[in-house]
Amino acid sequence: MKRLIVIAVTLLVCVTLESAAQEAPPDGLTLRQGDVRIVKIGEGVNASGVQGAIDTGGAPSPVPMFSKRGALYGIVAVDLYQQPGVYHLTVYEEATKRALSTRALIVEKGEFQKSISPHWNTQVFGQVDLARIAREKKEMAEALATSAPLPLWQDGTIYPIQKTDHTGLITTPFGQIRMNPAQDWYRFHRGTDFQAPQGFSIRAIAAGKVAHLGRDYLLEGNITVIDHGLGIFSSYLHQSAFLVKVGDEVKKGDVIGRVGSTGNSNAPHLHLALRIGGAVVDPIQFIEALR
Ligand SMILES: [Zn+2]
């Protein structure tokens with residue numbers, strides 16, 4: 001059976017490689033900074049024993065792969081900070097590390113809303129605060145270092161804030177570029193903000209396991225991180241209350257916390273962030289792609 005799969009993958013790869021050689025990448029992918037795209041890798045291929053990676057010059061970032069109705073798919077994610085350029089998405093055999101297919105991945109600059117205000121970046125952090133931010137960053141990085149080896153999100157996704165007349169609206173989109181005209185400074189908004197009042201229920205966007213609770217972080221406030229497997233993590237910031245603990249298994253739509261305004265926040269709202277294989281990406285694209 002395994003041999004059959006290998007043959008099937010090899011055949012598919014040969015076809016893919018041949019067509020790639022004939023003309024400029026017909027199966028090349030074009031994505032923008034922060035984009036998430038579900039890409040069909042092939043028919044009749046099983047996800048076990050096969051891995052995908054994007055080479056971006058540094059350490060290759062893994063591509064989560066999953067099977068659905070006999071076909072193999074990859075979740076291709078481009079980091080918000082990825083330099084535009086031509087990269088490669090390679091699918092290889094896990095055991096032998098032999099490349100089965102390679103296709104071009106063209107990364108274009110993202111088109112993001114701009115917010116220009118003299119209020120951005122006016123907060124001054126002292127040594128104590130900077131040390132605290134560094135410590136909290138390290139804790140987060142450690143929590144994100146290991147992920148379940150299987151996809152846990154397979155039954156789809158849901159929005160974290162239920163849509164009503166006064167909740168669930170996106171108040172600040174992913175990627176918004178914040179600039180202070182008086183400074184040589186800008187920063188991307190690294191998640192999506194949802195409108196919701198203090199205490200409103202926050203729902204897990206997909207099934208997973210609670211990987212981390214950050215308590216009263218200086219910037220993120222109370223933050224819950226959920227591992228969805230294969231390096232996919234969702235984070236819920238500025239909460240007023242935690243309703244889960246580390247290690248809890250959650251289902252899609254489970255209430256995991258309450259909306260608040262803890263950390264660096266002016267008013268109650270939910271900031272949802274998503275990482276795939278280390279890449280900071282648009283959570284809405286992920287939710288929509290897997291809904
Ligand atoms: Zn935000």
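These are my notebook entries on a predicted model of one chain.

**Ground rules.** I number residues from 1 along each chain as its sequence is written. Because the model is predicted, I take local features only at pLDDT of at least 70 and side-chain atom pairs only at pLDDT 80 or more, while totals for chains, interfaces and linings use all residues.

**Overall form.** I counted three helices and 22 strands in the chain; helices (H or I, at least four residues) and strands (E, at least two) are DSSP runs, numbered from the N terminus. The C-alpha trace spans about 55 × 45 × 40 Å along its principal axes. I looked up the radius of gyration, taken over C-alpha atoms, against the globule rule of 2.2 Å times the number of residues to the power 0.38. For 291 residues a compact globule would have a value near 19 Å, and the chain's 20 Å agrees with that. I find 37% of the 291 residues counted as buried. A residue is buried if 20 or more other C-beta atoms lie within 10 Å of its own, exposed if 12 or fewer, and partly exposed in between, with C-beta atoms placed from the backbone.

I also checked contacts, where two residues count if their C-beta atoms, placed from the backbone, lie within 7 Å. Among contacts between residues at least 6 apart in sequence, 69% join residues at least 24 apart.

**Domains.** The domain assignment gives domain 1 (2–108) and domain 2 (114–290); such bounds come from an automatic or database assignment. The C-alpha centres of the two domains lie 28 Å apart. Their contact takes 14 residues from domain 1 and 19 residues from domain 2. On the domain 1 side, strand 2 (36–43), strand 4 (61–63) and strand 6 (71–77) are the elements that give two or more residues. Strand 4 gives the most to that side, with three residues. By class I have 10 nonpolar, two polar and two charged residues on the side of domain 1 that touches domain 2. Here Ala, Val, Leu, Ile, Met, Phe, Trp, Tyr, Cys and Pro count as nonpolar, Asp, Glu, Lys and Arg as charged, and the others, Gly among them, as polar.

**Helix 3.** In helix 3 (residues 283–290) I list Pro 283, Phe 286, Ile 287 and Leu 290 as buried. Seen down the helix axis, these buried residues fall within an arc of 95 degrees, so they line one face; the arc is that of the directions from the axis to the C-beta atoms. The face turned away carries the exposed residues Glu 288 and Ala 289. The cover over the buried residues of helix 3 includes strand 2, strand 13 (192–195), strand 17 (232–239), strand 21 (269–276) and strand 22 (279–281).

**Positive phi.** Lys 97, not a glycine, has a positive phi of about 65 degrees. I place Lys 97 in the loop between strand 7 (85–93) and strand 8 (99–108), and with 8 C-beta neighbours inside 10 Å it counts as exposed. His 238 also has a positive phi, near 65 degrees. His 238 is found in strand 17 and is buried, with 26 other C-beta atoms within 10 Å.
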